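Subject: Structure handover and findings

Dear colleague,

Please find below the sequence and structure that I am handing over to you. My notes on what was found follow directly after.

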Protein chains: 2
Amino acid sequence: MATKAAAPAPDSPPPGRPQATRRGPRTRQELLDAAERVVLRDGPSASMNAIATEAGITKPILYRHFGDKAGLYVALADRHIETLLARLQEALTRPATRQERTRAAIDAWLRLVEGNPALYRFLVHRGQAEEPEVRDRVAMFQRRLGNALAVGIAAELDLPEDQWPRAQAWAHGIVGMVQAAGDWWLDEQPFGREDLTRHLADLIDGAYTRA
Amino acid sequence: MATKAAAPAPDSPPPGRPQATRRGPRTRQELLDAAERVVLRDGPSASMNAIATEAGITKPILYRHFGDKAGLYVALADRHIETLLARLQEALTRPATRQERTRAAIDAWLRLVEGNPALYRFLVHRGQAEEPEVRDRVAMFQRRLGNALAVGIAAELDLPEDQWPRAQAWAHGIVGMVQAAGDWWLDEQPFGREDLTRHLADLIDGAYTRA
DNA sequence: GACAGAAGTTACCGCCGGTAACACACTAGC
DNA sequence: GCTAGTGTGTTACCGGCGGTAACTTCTGTC
């Protein structure tokens, strides 16, 4: 009974949450918007106090809404991760040639990198501090992405089941490849996005061709 | 005069440091050993107090030796990064076939991943909290690695100068690829290290072959 | 109008990174 | 032998963090 309001709704809001929009002066969405503003401005080390101030409230409300800092960050990440994953899925299953699918998926990723670097760094990169919950969430996102890509590769190459581990290794490697190349490119910007897309697609196509 | 002993030796110890071993009861090396023990046990969120206790001393001594937490972590990382980088350089310039060099470099990396996962995570992965100094150091390590690999690729393929950006994109991508695949493999362990080495080398060789 | 309950506040806790100020050893010079 | 100086170590503190308890509105309902 000591922690009466400790576990009110750490993750139930997304599914149900009918009363949040009732007469509440501040919607969960508004809080997330404010949090995103601060995190994108101050980096992932933004304090809960700063976020609360930006939202025009005080700390305990944030904690009532999101449980703890990790909960807030996870909610923040989830808003974008799902849409990004959907966009990548669409690119990967688009009815087109294999090369075009590859290029479309890489381009979708790089568009996020280029369009909102701060958001990209928050979502994908290290930077979520040591919060293990958030780390796991981001790792899970990359893992899901890799697994989806592995299925696509196995289908693409018509691999027999005993070759699936190879497809998985490739898939998770390719995810990391695009990410790392995007990081480097974001810093150096030695050429346009289209060029990087083409270079990376070339690399992957080479592997496909030889497989 | 307020901070009389604030800037005694934040980074001068590595080069000179003749008096540290004079009659000092505790060597810088011993402190780093203790710090490494704690970090590898508790993760990168280990507190300075815990490290000091492990070393049998108290906090201010740590701060006199390393300046701040980032300085300690950088010193900790540097001990291993240089040797790892040298090992990779050796594999990349070894007199052998291109395939063998590729495999040797990947294998050197994966041996570290397999042999000491905690150290690997500390060195390469996210996890150094938000300390930007340490983040930069690790990023710089990967960047150096990618640049060295880019030179190797350009030489390997005899690329004209106007094609160097492509080699760079590939190099930084490949570094991320091996790292991400290694992460995934470390968690799932669906097959032996040699298999992963072979799969990744195949992917890269395919690109080479088609280039 | 009394009441349930959500929204919001102040004020606190323990811990963290980091620092100031002081105490002890040891060696050097007279 | 005594003092001065320097490096090693300590205790005790600071501001700020994440997180919580306890209290105060404010709002709508019967």
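The two copies meet through the same surface, because 100% of the interface residues of chain B are also interface residues in chain A. Please bear in mind throughout that this is a predicted model.

**Relation of the two chains**

**Fold of chain A**

Chain A holds nine helices and zero strands. Read from the N terminus, its elements therefore run α-α-α-α-α-α-α-α-α. Of the 211 residues in chain A, 48% are buried. Among contacts in chain A between residues at least 6 apart in sequence, 62% join residues at least 24 apart.

**The interface**

The size of an interface is often given as the accessible area lost when the parts come together. Here, chain B and chain A bury about 3,300 Å² between them, and 64% of this is on carbon and sulfur atoms. The contact draws 35 residues from chain B and 35 residues from chain A.

Between chain B and chain A there are eight residue pairs in polar contact, counting pairs with both residues at pLDDT 80 or more. On the side of chain B that touches chain A, the elements giving two or more residues are α7 (132-157), α8 (164-188) and α9 (193-210) of chain B. Helix α8(B) provides the largest share of that side, 16 residues. By class, the side of chain B that touches chain A comprises 14 nonpolar, 10 polar and 11 charged residues.

Six salt bridges are counted between chain B and chain A. Two of the salt bridges between the chains involve R143(B). In one, the side chain of R143(B) meets that of D187(A) at 3.3 Å, N to O. In the other, R143(B) meets E188(A) at 3.5 Å, N to O. The latter pair crosses between chains, from helix α8 of chain A, where E188(A) lies, to helix α7 of chain B, where R143(B) lies. With a relative accessible area of 17%, R143(B) is buried, whereas E188(A), at 45% relative accessibility, counts as partly exposed.

**Salt bridges within a chain**

Over all chains, the count comes to 32 salt bridges. In chain A, D107(A) forms one with R193(A), the closest N and O atoms being 3.1 Å apart. This pair links distant parts of the chain, with D107(A) in helix α5 (residues 98-115) and R193(A) in helix α9, 86 residues apart.

In chain B, the side chains of D33(B) and R79(B) meet in a salt bridge of 3.1 Å, N to O. D33(B) lies in helix α1 (residues 28-42) and R79(B) in helix α4 (residues 69-93) of chain B, so the pair ties together parts that are 46 residues apart in sequence. D33(B) is partly exposed, with a relative accessible area of 34%, and R79(B) is partly exposed, with 24%. Returning to chain A, a network of salt bridges links R37(A), R41(A), D42(A) and E54(A).

Q179(A) is found in helix α8 of chain A and is buried, with a relative accessible area of 12%. Its side chain is joined to that of Q142(A) by a polar contact of 3.1 Å. Not counting residues up to four places away in sequence, Q179(A) touches W109(A), Y120(A), V124(A), H125(A) and Q142(A).

**The loop between α8 and α9**

Most residues other than glycine have a negative phi. Q189(A), however, has a positive phi of about 50° although it is not a glycine. Q189(A) is placed in the loop between α8 and α9 of chain A and counts as partly exposed at 41% relative accessibility. In chain B, Q189(B) also has a positive phi of about 50°, and its place is in the loop between α8 and α9 of that chain.

P190(B) is found in that loop of chain B as well. P190(B) is partly exposed, with a relative accessible area of 37%, and touches W184(B) and W185(B), not counting residues up to four places away in sequence.

Yours sincerely

Definitions and conventions. Residues numbered from 1 in each chain as written. Chains lettered and ligands numbered in written order. Predicted model: local features only at pLDDT ≥ 70, side-chain atom pairs only at ≥ 80, totals over all residues. Heavy atoms only, no water. Contact = heavy atoms within 4.5 Å. Buried area = accessible area lost by both parts, 1.4 Å probe. Salt bridge = Lys/Arg side-chain N within 4 Å of Asp/Glu carboxyl O. Polar contact = N/O pair within 3.5 Å; in protein donor to acceptor, adjacent residues only side chain to side chain. Helix = DSSP H or I, 4+ residues; strand = E, 2+ residues; numbered from the N terminus. Nonpolar A, V, L, I, M, F, W, Y, C, P; charged D, E, K, R; others polar. Buried < 20%, exposed > 50% of the residue type's maximum accessible area, 1.4 Å probe, protein only.
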